[in-house]
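User: Could you walk me through how to read this fold? I'd like the general idea each time, then the case at hand.

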Amino acid sequence: MAGHSKWNNIKRKKGKTDAQKAKIFTKVGREISVAVREGGANPDANSKLRDLIAKAKSLNVPNENIERTIKKAGDSDRDNYEFIMYEGYGPGGVALLVESLTDNRNRTAGDLRHYFDKNGGNLGQSGSVGFLFERRGVLVSENEGYKEGDLIYDALEGGAYDFELSPEAVEIYCDPNNVGDVREAMESMGYSFVSAQPEYVPLSLVKLDEDGAKKMERLIEMLEDNDDIQNIWHNWEEG
C-alpha cells in the first residue's frame with residue numbers, strides 16, 4: 001500500500017534544488033548532533049548515530065559535512081533540541097503525523113497551526129490520528145531486477161518480516177527497533193538502500209479531489225520548508 005508513495009517521496013527529495021538539499025542536510029545534521037550528545041561520537045558504540053550516518057550518506061550528504069557535524073556536536077552543548085510529534089488533519093480528512101526536532105516548541109506549534117489552517121486542515125491533540133498508522137521499520141531499495149523468491153529468503157534471513165515489490169522499488173519491513181541490524185545484514189548480502197528508518201505506515205488511504213490535492217501538496221511543501229520539521233507521514237493516496 002505504502003510502496004509507491006514512499007518511493008515517490010524519495011524521488012521528489014532527491015530532485016530538490018541545491019538550496020532545498022542544503023536544508024535537508026541541515027535537518028539530518030541536527031539529528032546527528034542530538035545523537036552524539038545522547039550517545040557519544042563513536043558510531044561503533046552508538047547505533048543511533050551509525051543509522052543516521054547511513055541516512056545522511058543515502059541523502060548524498062558529503063562525508064566532510066558528517067564528520068564536521070559530529071565533531072562540532074561533541075565540542076558544544078549549547079543547543080537544546082527535543083523531538084515532538086504533532087498530529088492533525090489536512091484537507092479532505094487526510095491524517096498527518098509531523099515529527100519535529102526543535103529548540104522552541106511554541107514557535108514550532110504556531111508555525112504548524114498556521115500551515116494547517118491555511119490549507120484547509122487543523123492541528124489536533126496528541127493521539128488524534130496516531131491510531132491510523134502502524135510503526136514499522138521500513139527499508140527502501142531501488143528495484144535492480146530482484147527476484148521475489150530471493151527477496152523472501154534474504155529479507156527473512158536479514159531479520160525482516162515482510163516486503164512489497166514494485167517495478168521501481170522494494171520496501172522491506174521489520175521491527176522499528178531493528179532497522180540498523182536489518183540494513184547491515186542485507187547490505188552484507190549486496191543490497192543497497194536509499195532509505196532505512198522507522199516509519200509510520202498508514203493503515204488505510206484517503207483520496208482527494210483536484211482542489212484537495214493542491215492544498216495537500218502545498219501543506220507538505222510548507223512543512224518540508226520548515227527547519228524544525230524532520231519527518232512527515234500521511235495517509236493521502238497520491239497519484
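Predicted model: local features only at pLDDT ≥ 70, side-chain atom pairs only at ≥ 80, totals over all residues.

**Reading strands, helices and burial**

User: How many bridges pair β5 and strand β6?

Analyst: Strands of a sheet pair through backbone hydrogen bonds, either parallel or antiparallel. Here β5 and β6 (residues 169-174) are joined by four bridges, in the antiparallel sense. Two strands pair if DSSP finds at least two bridges between them. The element names are DSSP runs numbered from the N terminus: helices are H or I with at least four residues, strands are E with at least two.

User: In what order do the four strands of that open sheet come?

Analyst: Read across it as β5-β6-β4-β7, with antiparallel pairing. β5 (162-165) and β7 (195-202) are the edges, each with a single partner strand, so one side of each has no neighbour in the sheet. From one strand to the next, the twist averages 30 degrees.

User: How many bridges join strand β4 to β7?

Analyst: Eight bridges link β7 to β4 (residues 133-142), and the two run antiparallel. Find Arg-135 and you'll see Tyr-200 of β7 opposite. β7 is also mostly covered, with six of its eight residues buried. Buried means under 20% relative accessible area, exposed over 50%, and partly exposed in between (1.4 Å probe, protein chains only).

User: Which helix lies across β5 and β6?

Analyst: That's α6 (residues 148-158), running at about 150 degrees to β5. Axes are lines fitted to C-alpha atoms (for helices, over the stretch in contact), and angles run from 0 to 180 degrees between N-to-C directions.

User: At what angle do the axes of helix α5 and helix α8 cross?

Analyst: Two packed helices are described by the angle between their axes and the distance between the axes. For α5 (residues 105-118) and α8 (residues 210-224), the axes cross at roughly 165 degrees and come within 9 Å. The two helices are therefore roughly antiparallel to each other; that label needs over 145 degrees, while under 35 is roughly parallel, 65 to 115 roughly perpendicular and the rest oblique.

User: Which residues of α5 meet α8?

Analyst: Leu-112, His-114, Tyr-115, Phe-116 and Lys-118 do, against Leu-219, Met-222 and Leu-223 of α8. Contact means heavy atoms within 4.5 Å.

User: In what order do the strands of the other open sheet come?

Analyst: This one goes β3-β1-β2-β8, with antiparallel pairing. β3 (122-123) and β8 (229-234) are its edge strands, each pairing on one side only. α8 packs on this sheet, touching β2 and β8, and its direction makes about 155 degrees with that of β8. Two bridges join β1 (residues 82-89) to β3, and Tyr-89 has Asn-122 as its bridge partner there.

User: Does Ser-100 count as buried or exposed?

Analyst: Buried, because its relative accessibility is 0%. Ser-100 sits in β2 (residues 95-102). Beyond neighbours within four places in sequence, Ser-100 has contacts including Phe-83, Tyr-86, Thr-108 and Ile-229. For contrast, look at Gln-20 in α2 (residues 18-39): Gln-20 is partly exposed, at 35% relative accessible area.

Key: Residues numbered from 1 in each chain as written. Heavy atoms only, no water.
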